[in-house]
Amino acid sequence: MKQQICILGSTGSIGTQALDIIEQHSDLYETYALTANSRWKELAAQARKFRPAAVVIANEAYYKDLSKELADQPDIKVYAGAEALNQIVEAEPINMVLTAMVGFSGLEPTIHAIKAKKKICLANKETLVVAGELICGLAAENRVSVLPVDSEHSAIFQSLVGEDENEIEKILLTCSGGPFRLFSSEQLQTVTAADALRHPTWDMGAKITIDSASLMNKGFEVIEAKWLFGVPADKIQVLIHPQSIVHSAVQFADGGVKAQLGIPDMHLPIQYAFSFPKRLSLRAERLDLFKQPLEFFEPDMQKFKCLGMAYEAIEKGGNMPCIMNAANEIVNEGFRKGACSFVGMGEIIEQTMAKVGFDENPDLDVYLQTDAEARRVAMDLMNERLGKR
Ligand code: NAD
Ligand code: MG
């Protein structure tokens with residue numbers, strides 16, 4: 001029996017690479033459902049090629065276009081809207097759900113998938129940033145595995161195979177440093193979104209590429225690692241590693257350090273989440289260790305304040321990481337549209353974290369309210385600054 005996969009965000013960077021894997025291993029995997037936000041033409045083309053039972057377009061404005069495009073495909077059901085995402089993940093034949101959509105929008109479908117006892121291949125790290133405790137609790141309750149797709153977390157996960165009985169002393173979380181690693185604080189004042197979108201080692205979607213430039217992405221990954229591996233943030237050390245070859249490492253009680261290395265390519269972590277505990281063949285470039293040195297540096301949290309804020313947010317707990325995430329989604333988009341400066345992003349996130357009400361024990365409703373409120377506050381702060389420019 002082939003494993004039936006639902007991809008949330010199949011038209012994105014992770015989604016399309018996941019489809020490569022499914023194509024390479026069509027004897028093992030099949031798409032049951034493909035979903036996208038607005039790129040309906042691409043979604044329709046994917047549906048023609050991979051023949052899922054259903055497609056969902058989250059933005060309902062494109063339902064008509066997509067339905068018309070697939071009118072000659074009676075076997076492929078077409079749905080639209082956020083609620084349809086929540087329902088499709090529950091479909092009986094689905095074995096695993098790859099969460100490859102962007103941002104807070106991943107939270108609710110992931111909750112539905114866990115409650116329906118589907119294996120989760122988690123790319124959407126924002127889900128764990130916002131509601132790690134809730135998600136981990138639900139996963140434990142429903143005996144559902146949450147397998148990391150993020151390359152660093154996949155590396156940690158791979159390093160932990162066979163170590164069930166052994167305590168983690170420290171996680172070494174690597175980070176390319178992004179395109180502005182060597183920039184001065186003055187230079188950071190004038191960088192543009194176009195500069196930030198030129199990532200030195202990884203080719204990813206726009207939102208995460210900006211998060212990588214501000215190191216907010218690494219902050220998110222500290223929080224993601226805390227929840228996935230049950231390690232407190234003060235035992236998670238970020239190392240700037242410009243070559244992106246050592247994808248992360250784990251240190252044990254005897255001082256031994258295990259790492260996973262490879263070229264910077266998401267196909268392997270995506271495939272490993274699908275196939276764990278098995279390793280499948282993969283047609284991809286191989287690592288040549290003679291090609292580059294391997295360097296490691298300490299991150300500069302004065303210059304890149306988002307990383308420090310993420311440590312503070314997880315230390316505070318409750319809905320604070322949710323506030324930080326929502327503010328980041330606003331300023332990230334604002335920066336891409338020229339409505340916010342690079343340095344302004346960190347400042348607005350910090351102010352939003354100070355302004356929005358703190359809740360120590362949030363449930364889903366509180367997360368939804370917090371997200372909406374923090375977006376409003378961050379948007380007001382951003383507009384206020386724009387007015388003053
Ligand atoms: P992307 O922008 O390339 O693709 C996002 C996908 O999600 C698209 O298919 C889009 O249609 C869909 N989508 C966006 N907003 C949506 C919404 N509101 N409702 C429903 N669908 C929506 O993004 P990406 O780079 O593939 O990243 C996806 C997730 O994976 C993010 O959480 C990111 O942090 C994480 N991730 C990505 C990479 C990478 O290499 N790209 C690496 C690690 C983690
Ligand atoms: Mg990563």
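**Cysteines, ligand and domains**

Guide: Cys322 is buried, at a relative accessible area of 0%. This is a predicted model: local features need pLDDT of at least 70, side-chain atom pairs need pLDDT 80 or more, and totals for chains, interfaces and linings use all residues. Residues are numbered from 1 along each chain as written, chains are lettered from A and ligands numbered from 1 in written order, and side-chain values use heavy atoms, without hydrogens and water.

Visitor: Why is Cys175 called buried?

Guide: Buried means under 20% relative accessible area, exposed over 50%, partly exposed in between (1.4 Å probe, protein chains only). Cys175 has 6%, so Cys175 counts as buried.

Visitor: How do you know how many disulfides there are?

Guide: A disulfide is a pair of cysteine sulfur atoms within 2.5 Å. By that rule the count is 0. Cys175 is in none; its nearest cysteine sulfur, in Cys306, is 12 Å away.

Visitor: What makes Gly12 a polar contact of ligand 1?

Guide: A polar contact is a pair of N or O atoms within 3.5 Å; within protein, one must be able to donate a hydrogen and the other to accept it, and residues adjacent in sequence count only if both atoms are side-chain atoms. A polar backbone atom of Gly12 is 3.1 Å from an oxygen atom of ligand 1. For Gly9, also through the backbone, an oxygen atom of the ligand is 3.3 Å away. Ser105 uses a polar side-chain atom, 3.4 Å from a ligand nitrogen.

Visitor: Which domains supply the shell around ligand 1?

Guide: Domain 1 (3-148) and domain 2 (151-265 + 290-313) each give at least three residues. The bounds come from an automatic or database domain assignment.

Visitor: What makes domain 1 and domain 3 contact partners?

Guide: Contact means heavy atoms within 4.5 Å. 10 residues of domain 1 are in contact with 10 residues of domain 3. Their C-alpha centres are 27 Å apart.
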